[in-house]
Amino acid sequence: MAEQTIPVTEPAQTVAQGKPLIRLENVHKIYDLGEIQVQALRGVSLEVREGEFVAVMGPSGSGKSTVMNILGCLDRPTKGRYFLDGVDVSGMSKNELARIRNRKLGFVFQQFNLLSRTSALENVELPTVYAGISPEERAKRAMEALTRVGLAERAGHHPSQLSGGQQQRVAIARALVNRPAILLADEPTGNLDSRTSVEIMQIFQTLNEEQGLTIVIVTHEQDIAQYAKRALEFRDGKLRRDNIVRERLVARDVLKTLPTAEEQAAEDAEDNAREERHGHGDAEK
Amino acid sequence: MDFMNTFRLALRALARNKMRSALTMLGIIIGVAAVIAVVSIGQGAQYMVQQGIQAMGTNVVFIAAGSGRPGGVRVGYGGVKTLTIDDMNAILREIPLIKEAAPSVNSRKQIVYGNQNWSTVINGTTPNYFEIRNWSIQSGSVFSDEEVDLAANVCVIGTTVAKNLFLDEDPVGKTLRIGNIPFRVDGVLESKGQNVIGQDQDDAVYAPYTTVQRKISGITWVQFINASAISPVASVAAVAPITSLLRERHRIRTGDDDDFFVRTQSEVADLMNKTQGVMTMLLGGIASVSLLVGGIGIMNIMLVSVTERTREIGVRMAVGATESDVQQQFLVEAVTLSMMGGAIGILFGLVGSALISNFLSWPTLVSVKAIVTAALFSGAVGIFFGYYPARKAARLDPIEALRYE
């Protein structure tokens, strides 16, 4: 199904400018499960430059999660090298990797992964705590980051008091608070409805275009990849396609065509009313 | 991550499961409270014994005529006839560490007053005996040195004798009979109660040793010499010179056994202290077993907590927490738990020992050492039993942890 999903023509490398932030050189990842060895990555080479917005796609088992873990310095390649911002991180110790994650990378997860019973502001502060920043500066930076995702007035709310979209925005603020070089998002819209998904993509596009932030997202949804500038497709542990996204979607424009939450509610109410009138027959439209 | 932050984090995590934290702490609370209470009871008992030993007289060196072997037959303490008043005078003259000495010539006799009679020990001595033994007079006075020289028929009596022989009468100035010999009662001693081995010290009559030697026992030697050294240290130091002096005076050849014994109060005190110390340690040991159990409770709960918070650990690691950050977080949590338990336990222990001494009228002595030890120990319990769960948390793979449901 993925064969002609992405409308592309030319290879991506030729377009991207800026300095290279990510460079994978013939990266292999083998999971040793005792009796069997699983080849998750079989020689992936890849370069991402500053200011890019990359979507990583592929079916499950394709190696896209593994590549994401390696890019996120959560895992180390079995073979091959990974240069992040000019530094070879493939041989770094766990502590050094933790520091890199803290200073250079921002993570956004499908499950949001906010700490419950902890205010939005404190959640956003979390990375600054491990960066050894003073408490005053921490609060200031966290507030700034929350403002950037438009949630300043919800700083005191706990995750349980926020909607899914709002929680993901808090998570994005948390990823931004240490001013990372790269934002990594793993299925960031996987748990959100369509409109909220587009809202999140709008935030990403704004960060990428207006502030030049380099973003890599993993997604299996075609229309989400459509908001990125470049699409990578993995299959069987190899990078199979690497293309520029044509007919790129602009989240701001898409949002105008989608009903707002209130309109959606009104529409639902109307549907219900119509159903009532027609009796409890077939719910077909 | 700085310590204050970690500590606040720990408090918040513990506050999240108040009931669980409280129950976990209970183990430590009971353990520490038991240690404090038990040790203070033990120390109270030890203090009592020490007081008892001090009441026997300070710096006392006790010399007993020993089990020599006259003609190959061994006799018991006080059995040989070689210890004399001249030995005592020689000790006083030649050993400057000894400042005073009084002889003891003992004999058990039936004593009579009016229609009452009583069997007790007649102790022949000199007036300074009461100073050496730290013993004051309740009423009347002690016989004098002249009366000793004259072998006068005078005596002072202990309160037990006074009670049994004189009932409600005032004994001072009255005359009692020892055997058939009349003695004037000059004074009644302060009650001294039981000594450390349970003997009633008030059940005795004291008379000049000369009188007892000549008129009651018919002997010329003495059974004991109660000497007083210039200090507790001197009392121990005096043992060797006294021994060699007496050996010389008794013409005991090298290689032969002494015909006397020299004992000091500090030896007795040491022994008593040791016994009490062993008791305290034993009780303390039993109490610390419950501390151990409390520690295992902490470990258990911390392990549960690490499992419950696997995802949180994953998130923290993803945003830059190092292994040692995570380890520190859980370790501080365990130590906070155990230290809080320790603090509450100390409080309970203090209240407990106060209640015991109030209601059971058992003396307790709260020792600062026990409190400090309990506090340190509970901290150590937290570190020891928190280490493994904290290590487990720190060793988590962030990818697995983030995926954990």
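Modeller: In this predicted model, four bridges connect β6(A) with strand β7 (residues 182–186) of chain A, and the two strands run parallel. Within that pair, Leu105(A) lies opposite Ile182(A) of β7(A).

The pair belongs to an open sheet of six strands in chain A, with the order β6-β7-β8-β3-β9-β10 and mixed pairing. At its edges stand β6 (105–108) and β10 (238–244) of chain A; each has a single partner strand, so one side of each has no neighbour in the sheet. Ignoring direction, neighbouring strands here are turned by 20 degrees against each other on average. As background, strands of a sheet pair through backbone hydrogen bonds, in either the parallel or the antiparallel sense.

Chain A also has an open sheet of four strands, ordered β2-β1-β4-β5, and its pairing is antiparallel. Its edges are β2 and β5 (87–88) of chain A, each with a single partner strand, so one side of each is left without a neighbour in the sheet. Two of the pairings can be followed through the residues. Strand β1 (residues 20–32) of chain A pairs with strand β2 (residues 37–49) of chain A over 10 bridges, in the antiparallel sense. Val27(A) has Val44(A) in β2(A) as its bridge partner.

On confidence, the average pLDDT of chain A is 87, and 92% of the residues score at least 70. Residues 1–10 of chain A have a pLDDT below 50, although this stretch has 14 contacts in the model beyond near neighbours in sequence.

Now the surroundings. Chain B has 14 helices and 10 strands, and 42% of its 405 residues count as buried. Among its contacts between residues at least 6 apart in sequence, 82% join residues at least 24 apart.

The contact between the chains takes 20 residues from chain A and 17 residues from chain B. On the chain B side, the elements that give two or more residues are α1 (3–16), α11 (310–318), α12 (323–359) and α14 (398–403) of chain B. The largest share of that side, five residues, is from α11(B). By type, the residues on the side of chain B that touches chain A are nine nonpolar, three polar and five charged.

The largest nonpolar core has 122 residues, of which Val56(A), Ala173(A) and Val35(B) touch the most other members. Its largest share, 12 residues, is from helix α2 (residues 18–55) of chain B. Leaving aside residues up to four places away in sequence, Val35(B) touches Gly284(B), Ala287(B), Ser288(B), Leu291(B), Gly349(B), Ala370(B) and Ala374(B). Another core, of 54 residues, lies apart from the largest one and includes Ile63(B), Leu97(B), Tyr209(B) and Phe224(B).

Terms used. Residues are numbered from 1 along each chain as its sequence is written. Chains are lettered from A and ligands numbered from 1 in the order in which they are written. This is a predicted model: local features need pLDDT of at least 70, side-chain atom pairs count only at pLDDT 80 or more; totals for chains, interfaces and linings use all residues. Two residues are in contact if their C-beta atoms, placed from the backbone, lie within 7 Å. Ala, Val, Leu, Ile, Met, Phe, Trp, Tyr, Cys and Pro count as nonpolar, Asp, Glu, Lys and Arg as charged, and the others, Gly among them, as polar. A residue is buried if 20 or more other C-beta atoms lie within 10 Å of its own, exposed if 12 or fewer, and partly exposed in between; C-beta atoms are placed from the backbone. Two strands pair if DSSP finds at least two bridges between them. Axes are lines fitted to C-alpha atoms, for helices over the stretch in contact, and angles run from 0 to 180 degrees between N-to-C directions. pLDDT is the predictor's confidence in each residue, from 0 to 100. A nonpolar core is a set of buried Ala, Val, Leu, Ile, Met, Phe, Trp, Tyr and Cys residues joined through C-beta atoms within 7 Å.
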